[in-house]
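This briefing concerns the structure shown below.

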Amino acid sequence: MSESHEGATQRVIKKYPNRRLYDTDTSSYITLAEVKQLVMDSEPVVIKDAKTGEDLTRAILLQIILEEEAGGAPMFSEAMLANIIRFYGHAMQGFMGSYIEKNVQMFTDFQSKLAENSQGMNPEVWKQFMGMQPAAMQAMMAKYMDQSQNMFTQMQEQMQKQTEQMLGVFGIKR
C-alpha cells in the first residue's frame with residue numbers, strides 16, 4: 001500500500017501505539033534497524049501514526065540519528081550540535097536548514113562521483129588511481145568548496161533582499 005509523494009512511490013510504515021512499526025508493503029512488523037536499512041538503501045519511506053495518520057517520518061529519522069550518535073562513533077561534535085541548536089528560533093533558521101541540506105547533497109554527489117570513478121578497478125589500477133589521488137581529490141574538493149561558497153553567497157543575497165523588502169514596507173530605504 002504505497003503512496004505517491006512528490007512523484008515517488010513511498011513505502012508506508014505504520015507506527016502503532018505499542019511503538020511497533022508495521023511495513024504495509026511486506027505486511028509484517030519491522031524494527032527501527034530495518035527502517036534504517038530502508039533509508040540506507042535509498043528506499044522512499046513515510047512513517048505514519050496508525051490511528052491518526054499523522055506523519056511521523058521526521059521523528060523516526062531523528063530517533064535513528066540519535067541512536068547512531070549514541071552508538072560509539074558520532075558524526076556531530078558537541079560544538080556543532082550546540083551551533084545547530086542556536087539557530088532554532090533565529091532569523092537564519094530557514095536559511096541554515098537549506099544551506100546544510102544543499103551541502104550534504106553536494107557532498108553525497110561528490111562521494112558518488114568518487115565511487116563511480118573507482119568502480120571496476122583492479123589492484124594495479126587502484127594503486128595508480130591512489131597515486132594520482134591528491135591532485136584529483138584536491139580538484140574535486142575545490143569544486144565542492146566553490147559550490148558551498150556560492151550557496152552561502154546566494155543565501156546572504158537572499159537575506160539582504162528580504163531585509164530591504166521588509167524595511168521598504170516600513171518606509172525605510174537603505
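In this predicted model, the lining of the largest pocket draws at least two residues from each of α1 (32-40), β5 (45-49), α2 (57-70), α3 (78-87) and α4 (93-118). Helix α4 provides the largest share of that lining, with 12 residues.

**Largest pocket**
- The largest pocket holds about 2300 Å³ of space.
- It is lined by 40 residues, of which Leu-62, Ile-65, Phe-76, Ile-100 and Val-104 are the closest to its centre.
- The lining comprises 25 nonpolar residues, alongside 9 polar and 6 charged ones.

**Architecture**
- The protein contains 5 helices and 5 strands, and their order along the sequence is β-β-β-β-α-β-α-α-α-α.
- Of the 174 residues in the protein, 18% are buried.
- Considering contacts between residues at least 6 apart in sequence, 48% link residues at least 24 apart.

**Confidence**
- The average pLDDT of the protein is 81, and 79% of the residues reach at least 70.
- Among the elements, β5 has the highest mean pLDDT, at 97, whereas strand β1 (residues 3-5) has the lowest, at 44.

Note on methods. Residues numbered from 1 in each chain as written. Predicted model: local features only at pLDDT ≥ 70, side-chain atom pairs only at ≥ 80, totals over all residues. Heavy atoms only, no water. 1 Å grid on protein atoms, 1.4 Å probe; cavity = no way out; pocket = protein on both sides within 12 Å on 5 of 7 lines; lining within 4 Å. Points joined across faces, edges and corners; volume = space filled by probe spheres on them. Helix = DSSP H or I, 4+ residues; strand = E, 2+ residues; numbered from the N terminus. Nonpolar A, V, L, I, M, F, W, Y, C, P; charged D, E, K, R; others polar. pLDDT = per-residue confidence, 0-100. Buried < 20%, exposed > 50% of the residue type's maximum accessible area, 1.4 Å probe, protein only. Contact = heavy atoms within 4.5 Å.
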